[in-house]
Amino acid sequence: MSVPILKQGDVLIASIQAALSDRELAQLHDAFADQVGRFRSRGVIIDVTALDVLDSFATRTLRSIAYTAKLRGANAVVVGIQPDVAFAMVQLGLSLEGVATALDLEEGLAYIRDVAKRGGHRVR
Amino acid sequence: MSAEVSVPIERDADIVTARQEGRQLAAAAGFSSADQTIIALAISEITRNIVSYAQRGKVTLSRMDEGGRRGILIVAQDDGPGIPDIDLAMRDGYSTAKSLGVGLPGARRVMDEFELVSALGKGTTVTMKKWLR
């Protein structure tokens with residue numbers, strides 16, 4: 001199952017709806033890398049609300065998506081990490097260091113617009 | 001009390017199946033939602049180790065009841081190349097393949113008991129237990 005990426009103005013949004021295999025996560029990474037350039041996106045939002053586990057591969061892929069987006073001129077934000085998921089990540093020693101996070105999609109969009117405003121980018 | 005589930009681990013999608021089975025069993029055993037997530041995460045890490053290094057193996061999940069102490073037992077087995085230096089593999093940040101090197105040490109940290117037995121050329125067995133509090 002591939003994750004659809006929605007385009008809303010300058011922002012790309014992927015809402016992950018079900019548990020993803022490593023391969024599907026890697027596909028999401030590549031799709032973002034491609035589309036950020038193609039659509040000249042300023043922001044990338046990955047919504048993980050539906051995920052009940054973020055393991056070492058998932059956190060590494062999310063970091064990679066965020067860094068790749070940054071190198072392509074876009075800001076990324078991960079939204080919707082559930083409380084149990086966050087707790088388990090901390091216990092295991094997994095981190096999303098350097099990756100912006102927000103409570104939900106709405107906060108994530110606000111973050112992207114805020115950063116764009118401060119950075120002088122115009123977000124449609 | 002011997003509800004036992006065995007999941008073959010042969011490709012990355014099996015990791016997802018294994019951790020979902022683990023969560024279900026942990027829920028049935030009475031673990032809190034937070035502990036279910038921790039157990040699922042630990043299963044994800046040790047089964048990924050099978051896919052990354054041994055290609056195929058299996059994980060067996062079962063409930064334990066030892067003198068009134070209840071919990072969950074997770075055994076991941078493979079016939080892969082084995083781990084040359086277990087101390088190194090269990091060190092935070094060490095990895096030879098495609099991980100952050102936090103999987104095994106992380107899993108050990110969150111489980112109550114953790115044992116790794118490996119023989120070069122014969123395979124690796126990881127045994128983890130978590131007790132219900």
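Helices (H or I, at least four residues) and strands (E, at least two) are taken here as DSSP runs, numbered from the N terminus. The model is predicted, so that local features need pLDDT of at least 70 and side-chain atom pairs count only at pLDDT 80 or more, while totals for chains, interfaces and linings use all residues. Residues are numbered from 1 along each chain as its sequence is written, and chains are lettered from A and ligands numbered from 1 in the order in which they are written.

**Exercise 1. Positive phi**

Task: Find where B:Gln55 lies, and state whether B:Gln55 is buried, partly exposed or exposed.

Solution: Begin with the background, which is that most residues other than glycine have a negative phi. B:Gln55 is not a glycine, yet has a positive phi of about 70 degrees. Next, locate B:Gln55 in the loop between H2 and S2 of chain B. Finally, apply the burial cut-offs: a residue is buried if 20 or more other C-beta atoms, placed from the backbone, lie within 10 Å of its own, exposed if 12 or fewer, and partly exposed in between. With 14 other C-beta atoms within 10 Å, B:Gln55 is partly exposed.

The steps can be repeated for A:Arg40, which has a positive phi of about 50 degrees although it is not a glycine. A:Arg40 is placed in the loop between helix H1 (22-38) and strand S3 (43-47) of chain A, and A:Arg40 is exposed, with 11 other C-beta atoms within 10 Å.

**Exercise 2. The sheet of chain B**

Task: Work out in what order the strands of the open sheet in chain B are arranged, and which strands stand at the edges.

Solution: First take the inventory, in which chain B has 4 helices and 5 strands, following the pattern β-α-α-β-β-α-α-β-β along the sequence. Two strands pair if DSSP finds at least two bridges between them, and the 5 strands then form an open sheet in the order S1-S2-S3-S5-S4, with antiparallel pairing. Strand S1 (4-9) and strand S4 (113-119) of chain B each have a single partner strand and stand at the edges, so one side of each is left without a neighbour in the sheet. As a check on one pair, S4(B) is joined to strand S5 (residues 123-131) of chain B by 7 bridges, and the two run antiparallel; B:Ala119 stands opposite B:Gly123 in S5(B).

**Exercise 3. One helix and the two chains**

Task: Determine which residues of helix H3 (residues 83-92) of chain A are buried, and what these residues pack against.

Solution: The buried residues of H3(A) are A:Val85, A:Ala88, A:Met89 and A:Leu92. Around the axis they cover an arc of only 100 degrees, which puts them on the same side of H3(A); the arc is that of the directions from the helix axis to the C-beta atoms. On the other side of H3(A), A:Pro83 and A:Val90 are exposed. The buried residues pack against helix H2 (56-71) of chain A together with H2 and H4 of chain B.

To set this beside the interface, count two residues as in contact if their C-beta atoms, placed from the backbone, lie within 7 Å. By that count, 22 residues of chain B are in contact with 18 residues of chain A. Helix H1 (12-28), helix H2 (33-54) and helix H4 (103-110) of chain B each supply at least two residues of the side of chain B that touches chain A, and the largest share, 9 residues, comes from H2(B).
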